[in-house]
Amino acid sequence: MKKYPIRCPVTAYLSVIDGHWKPLLLWHLQTKPLRFKDILLRIPDISTRVLTEQLNEMEEDKLISRRAYKETPPRVEYELTNYGRTLLPGLALLREWGIQFLKDNKHTLHPDSEWNQKIIELLKN
């Protein structure tokens with residue numbers, strides 16, 4: 001993926017999480033290490049090719065670590081590094097903004113989203 005010139009702190013942050021899927025990958029990896037197939041289950045719209053590319057870029061940027069186990073069948077887990085965890089507060093702010101946006105614009109949410117019911121519950125509060 002093309003990296004753009006970093007000209008301010010915001011572009012520095014964005015250059016590291018550049019791409020549609022990296023913020024979601026960071027968010028899903030925050031609680032525990034995940035295997036490739038488990039990530040695909042959590043993010044069903046991502047292709048295996050793009051997931052592989054995004055994970056490789058995140059590993060190069062030291063946001064995640066990849067651990068391969070010497071087992072049959074082979075097992076690989078991806079985990080957030082301490083450095084990767086430093087991005088989570090910014091993502092939490094984006095999530096809160098997104099929740100408010102979805103409350104105000106529920107029609108924009110994909111009909112298959114697990115958030116449809118969550119937003120209805122949040123609107124009751």
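Start by selecting Leu 25: beyond its neighbours within four places in sequence, Leu 25 is in contact (heavy atoms within 4.5 Å) with Ile 39, Ile 43, Leu 51, Gln 54, Leu 55 and Met 58. Before you click on, note that this is a predicted model, where local features need pLDDT of at least 70, side-chain atom pairs count only at pLDDT 80 or more, and totals for chains, interfaces and linings use all residues. Residues are numbered from 1 along each chain as its sequence is written, and side-chain values use heavy atoms, leaving out hydrogens and water.

Leu 25 is also among the residues with the most contacts inside the largest nonpolar core, along with Leu 26, Ile 39 and Ile 64; that core has 22 residues. (Such a core is a set of buried Ala, Val, Leu, Ile, Met, Phe, Trp, Tyr and Cys residues joined through side-chain atoms within 4.5 Å; buried is under 20% relative accessible area with a 1.4 Å probe, protein chains only.) Now colour helix 4 (48-60), which gives the core its largest share, four residues. (Helices are DSSP runs of H or I, at least four residues, and strands are E runs of at least two, numbered from the N terminus.)

Next, pick helix 2 (residues 22-29) and helix 6 (residues 88-104): they pack at about 105°, axes 11 Å apart. (Axes are lines fitted to C-alpha atoms, for helices over the stretch in contact; angles run from 0 to 180 degrees between N-to-C directions.) That makes the two helices roughly perpendicular (65 to 115 degrees). Show Pro 23, Leu 26 and Trp 27 against Leu 88, Leu 91, Ala 92 and Arg 95 to see the contact.

Key:
Angles under 35 degrees count as roughly parallel, over 145 as roughly antiparallel, 65 to 115 as roughly perpendicular and the rest as oblique. Buried means under 20% relative accessible area, exposed over 50%, partly exposed in between (1.4 Å probe, protein chains only).
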